[in-house]
Amino acid sequence: MAGLSALRLALVVILAFALVCGRARAEGPACSQPLDVCAGQMKGAFPLIAGGVPVAVITDAADWPGVLRAAGNLTTDLSELARGEAAAGEFVVIAGTLGRSAVIDRLAAEGRLDVSAIEGVWEGYVQAVVDAPSEGVSRALVIAGADKRGTIYGIYDLSERAGVSPWKWWADVPVPHRPELSVIAGSRADWPRVKYRGIFINDEKPALYGWVNHHYGGFKSGFYERVFELILRNKGNYLWPAMWGESIYDDDPLSGPLADEMGVLVGKSHHEPMGRAHVEWARYGEGRWDYTLNDEVLRGFWRDGIERMKDWETIVTLGMRGDGDEAMTEGTAIALLERIVADQREIIRDVTGKPASEQPSIWALYKEVQDYYDQGMQVPDDITLLFADDNWGNIRRLPKPGSERPGGYGVYYHFDYVGGPRNYKWLNTNQIERVWEQMNLAWEFGARQIWIVNVGDIKPMEFPISFFLDQAWNPEAMPRERMSGYTEVWAAQQFPAEHAGEIAQITDLYTKYASRRKHELVDPETFSVVNFDEFRRVTAELEALAARADAVRAKLPAEYDDAYVQLVWFSVLATTNLYQLYEAAALNRLYAAQGRAPDARAQAERAEAFYARDAELTRIYHEDVADGKWVHMMSQTHIGYTYWQQPEEQVMPAVERPDIPAKSAAGVAIEGDTRGLRLGKKGAALPLSDVFEQQARWIDVFSTGEEPVTVRVSAREDWIQVAEGKRSVSGSERIEVRIDWEKVPEGRHTGELRVRSRWWNSLKIAVPVYKPRGWEAARGYPLASGFVAIDAAAASRRSDGPQASWSVIPNLGRTGDGITLVPGTAPEFEPGNDAAPHLEYDLHLFEAKPVTVEVELAPTLDFKGDGGMRFALSLGGSEPVIVNVHTQLTPADWSESHWEATVAKNSHHHTVTFPDVAAGAQTLTLWVIDAPLVFQKLVVSQADVPESYLGPPVSAPR
């Protein structure tokens with residue numbers, strides 16, 4: 001917020017506080033600010049509900065129908081809170097729109113209602129407690145809107161702050177019992193900062209499609225009425241409707257007028273120009289979807305679209321892509337597209353009788369269309385340029401800071417996608433930390449006219465939808481600090497406050513784990529089963545989370561169970577089960593290759609059980625939750641992908657079922673080695689352990705057949721701690737190997753484990769250890785084992801710059817946090833200049849060998865269009881080595897396949913090698929040249945790093 005005036009800063013702080021209070025339930029701790037809704041009756045406050053009786057809600061019949069509808073919903077909400085009907089009395093709520101409500105206009109004219117903060121402000125509203133507003137009323141809570149939606153938002157804001165979740169219908173969140181509610185006297189005003197804020201229903205088959213047809217017989221007005229209300233309760237105003245074979249206007253003529261009445265602007269997606277759904281061309285079009293060959297027919301088709309919606313408030317999508325969401329032509333036909341846009345605007349002028357500049361319109365720079373923009377295509381300034389992400393949450397382009405045009409700029413973002421490298425449609429995998437980081441950059445760089453997000457089936461994206469629309473309402477009131485506490489505030493809105501903290505922790509950890517790799521991209525090969533115990537660790541994290549989710553479910557009042565299953569429990573349990581399935585399949589394949597037939601068969605059976613459990617979890621969601629209300633909603637296939645498109649049916653991962661011989665031999669498997677070792681062989685060695693990490697290693701002793709095997713385990717050195725002695729093993733037994741570091745002499749040593757069945761038949765396993773001389777004096781991050789992993793945020797020292805400072809984004813890392821410079825619009829910095837922002841990491845090297853540093857960053861694209869974003873590394877005062885995140889690779893490497901690997905892994909990785917490095921204490925310095933980069937992890941190595949998905953576990957500094 002550098003550069004804000006004191007007044008503006010104070011306003012931002014007040015609004016942030018008000019928004020936090022607004023997301024809390026009425027019994028929350030904040031009950032001191034004007035218009036706070038409080039449990040009980042506060043002295044001097046307005047009695048919203050008293051003795052179980054809510055006040056009446058009064059409107060003017062001449063007001064907008066959408067306002068009257070929202071006021072009716074407020075009456076219902078208050079009655080549900082009170083568990084009683086409203087009664088006429090001396091206290092009332094008066095809701096109305098300036099210019100449409102006689103009482104509101106009178107109060108404003110008399111100076112008894114201060115509307116100066118919202119006059120002429122888009123969608124602004126004021127709430128105020130007014131004494132004796134009219135005859136027979138001693139006091140009123142007045143809600144006045146600058147326009148139709150301003151009043152509607154003021155109404156729903158009161159409902160939400162009283163304790164009614166915007167998700168009460170869509171997620172079956174109970175309305176709590178509030179027999180006594182009061183509102184602190186005073187006045188407050190609010191309004192949105194992003195003008196158009198909305199969602200895109202997309203990729204809606206089979207889940208939402210099946211549900212809608214079951215309940216509504218198709219995507220009809222009854223369904224959209226629920227969607228419109230949901231958007232308005234979340235203070236959005238914009239919808240791109242379902243479009244996989246559907247047309248909101250053509251499928252039900254009531255849907256368009258209903259949207260306009262309720263106050264939601266219905267637009268069309270990036271490839272549906274002029275108000276026509278894609279499917280309508282298949283229904284009514286003639287000839288080819290090709291403007292060079294069929295322009296007259298296409299103009300008529302588009303004219304019909306504008307005729308149909310000319311009297312409604314809407315946003316018109318301009319331009320043209322190919323039929324079926326494809327590129328229109330090979331290359332960029334700029335002149336052709338400029339002619340298309342000009343002809344479309346001429347149609348708008350002819351049909352509406354107004355200048356085209358008065359009709360809000362967008363040009364969506366999606367996929368190849370951005371090439372037209374980058375190559376200089378000109379469109380009138382009143383058209384909003386809608387930039388897009390890459391379908392995976394990485395914004396592709398933003399305007400230059402300070403760039404202004406009457407139509408402004410916007411962003412089309414994704415929580416769901418159909419396309420390469422793979423669809424992701426099943427469960428929410430979106431971290432609000434990532435959404436905040438990208439959309440905060442959008443705000444800082446000036447994309448402030450439209451924010452719209454692809455939400456797939458709406459469910460199960462409830463949580464990120466709430467966050468996206470809340471951030472869009474006022475990005476300046478959503479600083480990093482508020483974002484970090486958002487999950488708990490949101491959880492307290494859906495569930496009893498005493499459980500909100502635990503539910504928030506579960507939700508944040510779930511999205512962290514799920515965002516590491518989309519569910520549809522996980523398979524038995526994703527995580528290592530031999531290095532760093534990786535697959536077991538990531539699955540164990542989810543298993544622990546599932547246990548916590550179960551425990552909370554058991555403690556929640558029964559009426560919250562349906563909501564909890566939808567919003568929390570199902571995603572956690574289903575994800576955990578999916579990882580258990582793939583881990584079992586991975587172990588099955590490993591064990592089969594190692595000759596561990598009994599273990600391989602056991603893992604195959606586990607995999608089958610988890611596969612069956614997946615179907616049972618889906619059944620629970622469809623049949624048990626809310627008495628079957630959400631049947632079909634979890635029918636999205638997610639197991640059995642072979643390429644980008646979804647499988648038609650679930651397909652269990654292939655497993656092997658080797659025959660189990662009657663007789664058995666003893667075998668050993670060891671950490672870091674995929675082989676199944678037999679006694680009498682040579683060449684086995686555990687990974688190196690060092691005194692700093694003090695790693696616990698493991699070996700598996702197994703039988704190859706039905707009979708148990710008898711073996712003896714022993715250690716040659718007294719500093720090797722292992723459960724020694726004779727043991728009978730049926731199947732397999734994992735044996736932990738630890739080191740007593742007090743007994744290990746300084747230096748490098750190799751101990752020995754022996755597994756034997758007879759004195760002449762044994763396997764010797766080397767146990768290498770390292771306890772460097774003078775090890776106790778080492779500080780920072782020692783490289784005793786040849787490599788060390790560092791959480792980027794855990795720098796030994798941080799240095800801010802004169803125009804930017806470091807900010808940790810909690811949770812925004814695959815294993816830890818993220819750290820970035822704010823603001824993202826900070827100027828370029830010169831690496832090596834001590835005044836430039838940098839991070840320092842103290843290292844200790846025990847050998848004079850080359851050092852390789854791998855830097856892991858959150859994925860990012862060159863959204864500034866300046867030739868790539870850069871950082872630099874220096875070691876021990878060396879000249880900084882500059883890394884361009886986007887152009888360092890050769891053109892052949894920076895290809896579609898590289899992008900697919902990057903988004904699949906949800907991280908960028910770049911390496912720098914320093915060839916001549918002396919042993920001893922060294923300082924690694926990370927310099928930022930371009931501010932918007934988010935650093936997550938560093939791996940510093942002088943030896944080969946074992947392969948794994950997440951890399952080595954991070955170390956704590958000394």
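**Notes on salt bridges and cores**

1. Let me start with Arg536, which forms a salt bridge with Glu583; their closest N and O atoms are 2.8 Å apart. Arg536 belongs to helix 17 (residues 534–555) and Glu583 to helix 18, so this pair ties together parts that are 47 residues apart in sequence. Please keep in mind throughout that this is a predicted model.

2. The two partners of that bridge sit in unlike surroundings. Arg536 is partly exposed, at a relative accessible area of 29%. Glu583 has a relative accessible area of 4% and is buried, because the cut-off for buried is under 20%.

3. Next, have a look at Glu313 and Arg149. They form a salt bridge too, and here the closest N and O atoms are 2.9 Å apart. The pair links distant parts of the chain, 164 residues apart: Glu313 is in the loop between helix 10 (291–309) and strand 12 (316–318), while Arg149 is in helix 4 (residues 148–162). Glu313 is partly exposed, with a relative accessible area of 30%, whereas Arg149 is buried, with a value of 4%.

4. What about Glu280 and Arg276: are they buried or exposed? Both of these residues are buried. They form a salt bridge with each other, with 3.1 Å between the closest N and O atoms.

5. Salt bridges can also join up into a network, and you will find one made of Asp77, Glu80, Lys168, Glu229 and Arg233. For the model as a whole, the count comes to 65 salt bridges.

6. Now to the nonpolar side. The largest nonpolar core has 226 residues, and the members that touch the most other members are Leu48 and Phe935. Which helix gives the most to this core? That is helix 18 (residues 561–594), with 20 residues. Glu583, from my opening point, lies in helix 18 as well.

7. Leu48 deserves a click in your viewer. Leaving aside residues up to four places away in sequence, Leu48 touches Val53, Pro54 and Val55, along with Leu78, Val93, Leu141, Leu158 and Ala162, and also Leu181, Ser182 and Val183.

8. Finally, there is a second, separate core of 35 residues.

Conventions
Residues are numbered from 1 along each chain as its sequence is written. This is a predicted model: local features need pLDDT of at least 70, side-chain atom pairs count only at pLDDT 80 or more; totals for chains, interfaces and linings use all residues. Side-chain values use heavy atoms; hydrogens and water are left out. A nonpolar core is a set of buried Ala, Val, Leu, Ile, Met, Phe, Trp, Tyr and Cys residues joined through side-chain atoms within 4.5 Å. Buried means under 20% relative accessible area, exposed over 50%, partly exposed in between (1.4 Å probe, protein chains only). Helices (H or I, at least four residues) and strands (E, at least two) are DSSP runs, numbered from the N terminus. Contact means heavy atoms within 4.5 Å. A salt bridge is a side-chain nitrogen of Lys or Arg within 4 Å of a carboxyl oxygen of Asp or Glu.
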